[in-house]
Amino acid sequence: MANSFCADILIQAEDPKKAAAFYVEQLGFEITGEEPRMISVHGENINLFIEQGPKLGPVFEVTVDNVGEAKLRLVKNGCKIVKDEPDFPRCYVEDPFGLIYNLTS
């Protein structure tokens, strides 16, 4: 099992532009992309994506060999699916310890 955390973290905010401005002004991030519902800000070690929506907390990205198999295994072992959007594609999973991550391959 050669899974890995990516340098990408996603948060949701009601006002992504306001959130992005905070990270630029207070932490030195740089806006690197802007779409109608998402703003990308990159720092030296992480890439932060701010999507419009209710606060969900930070969502880390975990790369796995097979998203479907990982999803089944994780749910069987105490995780719950927070958001599943196969067309996007993304699947947010919350583990028994409160960490939320997006499974990707």
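User: Taking buried to mean under 20% relative accessible area, exposed over 50%, and partly exposed in between (1.4 Å probe, protein chains only), what does isoleucine 81 count as?

Analyst: Isoleucine 81 counts as partly exposed, because its relative accessibility is 34%. This is a predicted model, in which local features need pLDDT of at least 70 and side-chain atom pairs count only at pLDDT 80 or more, while totals for chains, interfaces and linings use all residues. Residues are numbered from 1 along each chain as its sequence is written, and side-chain values use heavy atoms, with hydrogens and water left out.

User: Where does isoleucine 81 sit, then?

Analyst: Isoleucine 81 lies in strand E6, where strands (E, at least two residues) and helices (H or I, at least four) are DSSP runs numbered from the N terminus. Leaving aside residues up to four places away in sequence, isoleucine 81 touches Lys71, Val75, Cys91, Tyr92 and Val93, a contact being heavy atoms within 4.5 Å.

User: And which residue stands opposite isoleucine 81 in E7?

Analyst: That is valine 93. E6 and E7 pair in the antiparallel sense over 5 bridges, pairing being called when DSSP finds at least two bridges between two strands, and the two form a hairpin with 4 residues between them.

User: OK, zooming out: what's the strand order in the open sheet?

Analyst: The sheet has 8 strands in the order E2-E3-E4-E1-E5-E8-E7-E6, and its pairing is mixed. E2 (30–35) and E6 (80–85) are the edge strands, each with a single partner, so one side of each has no neighbour in the sheet. From one strand to the next the twist averages 25°, with axes taken as lines fitted to C-alpha atoms (for helices, over the stretch in contact) and angles running from 0 to 180 degrees between N-to-C directions.

User: How many bridges join E1 and E4?

Analyst: There are 6, in the parallel sense, between E1 (residues 4–13) and E4 (residues 47–52); across that pairing, the bridge partner of leucine 10 is phenylalanine 49 in E4.

User: Which strands do the helices touch?

Analyst: H1 (residues 16–27) packs on the sheet against E1, E2, E3 (38–42) and E4, with its direction at about 155° to that of E4. H2 (residues 67–76) also packs on the sheet, touching E6, E7 (90–94) and E8 (100–104), and its direction makes about 145° with that of E8.

User: Which residues of H1 are buried, and which are exposed on the other side?

Analyst: Pro16, Ala19 and Ala20 are the buried ones, and they fall within an arc of 100° seen down the axis, so they line one face of H1; the arc is that of the directions from the helix axis to the C-beta atoms. These buried residues pack against E1, E2, E3 and E4, whereas Lys17, Lys18, Glu25 and Gln26 are exposed on the other side. H1 is followed by glycine 28, whose phi is positive, near 80°.

User: Switching topic, how many disulfides does a search of the whole structure find?

Analyst: The search finds 0 disulfides, the criterion being a pair of cysteine sulfur atoms within 2.5 Å.
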